[in-house]
Amino acid sequence: MMIKTQLITDKLAVTFSMVCVLHCFFTPSFIILTSTVLSVSVNNGFIHLAILLAATPISLFALSLGYKNHKIFSVLLIGMMGLLTLIFALLLGESGEKLMTLMGSILVSYSHFRNHQICKS
């Protein structure tokens, strides 16, 4: 049961990482394309924070369960580095946010992918 929960949370964590990337890269285009149709004010910092607040506990939970199963510290470390990169991206704001978000999301996604692979085998 614990492995099944961990596998599901790994998939969910990867999804949140990808949502973060999509938000950073496509929200400006979406706003520009719909500016004549929609009059919406989007607070990017708030959205980034909301995604991060949802993703962080799920990632930590999945990575810690995976570590308990396989005892491979590097998978946990890569995931933690990715989460810290995402947090720093939020704190930096506009300067370097996209690059750091992309790097952090790749690290988090990779760690969950490895976590999922190792625990499934």
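Helices are DSSP runs of H or I with at least four residues, and strands are runs of E with at least two, numbered from the N terminus. By that count, this protein has 4 helices and 0 strands. Its pattern along the sequence is α-α-α-α. The model is predicted: local features need pLDDT of at least 70, side-chain atom pairs count only at pLDDT 80 or more, and totals for chains, interfaces and linings use all residues. Residues are numbered from 1 along each chain as its sequence is written, and side-chain values use heavy atoms, leaving out hydrogens and water.

**Whole protein**
- Of the 121 residues, 37% count as buried (under 20% relative accessible area; exposed is over 50%, partly exposed in between; 1.4 Å probe, protein chains only).
- Contact means heavy atoms within 4.5 Å. Among contacts with a separation of 6 or more, 78% join residues 24 or more positions apart.

**Asp-10**
- Asp-10 sits in helix 1 (residues 2-34).
- Leaving aside residues up to four places away in sequence, Asp-10 touches Ala-62, His-112, Asn-115 and His-116.

**Nonpolar patch**
- Leu-22, Phe-25, Phe-26, Leu-102 and Ile-106 make a nonpolar surface patch of about 450 Å².
- Helix 1 and helix 4 (97-120) are the elements that give two or more residues to the patch.
- Helix 1 gives the largest share, 3 residues.
- Leu-22 is found in helix 1. Leu-22 is partly exposed, with a relative accessible area of 46%.
- Patch residues have over 30% relative accessible area and no salt bridge; like charges are joined within 9 Å, and nonpolar side chains (Val, Leu, Ile, Met, Phe, Trp, Tyr) within 5 Å.
- A salt bridge is a side-chain nitrogen of Lys or Arg within 4 Å of a carboxyl oxygen of Asp or Glu.
- Accessible areas come from the Shrake-Rupley method with a 1.4 Å probe; for residues, only the protein chains shown count as cover.
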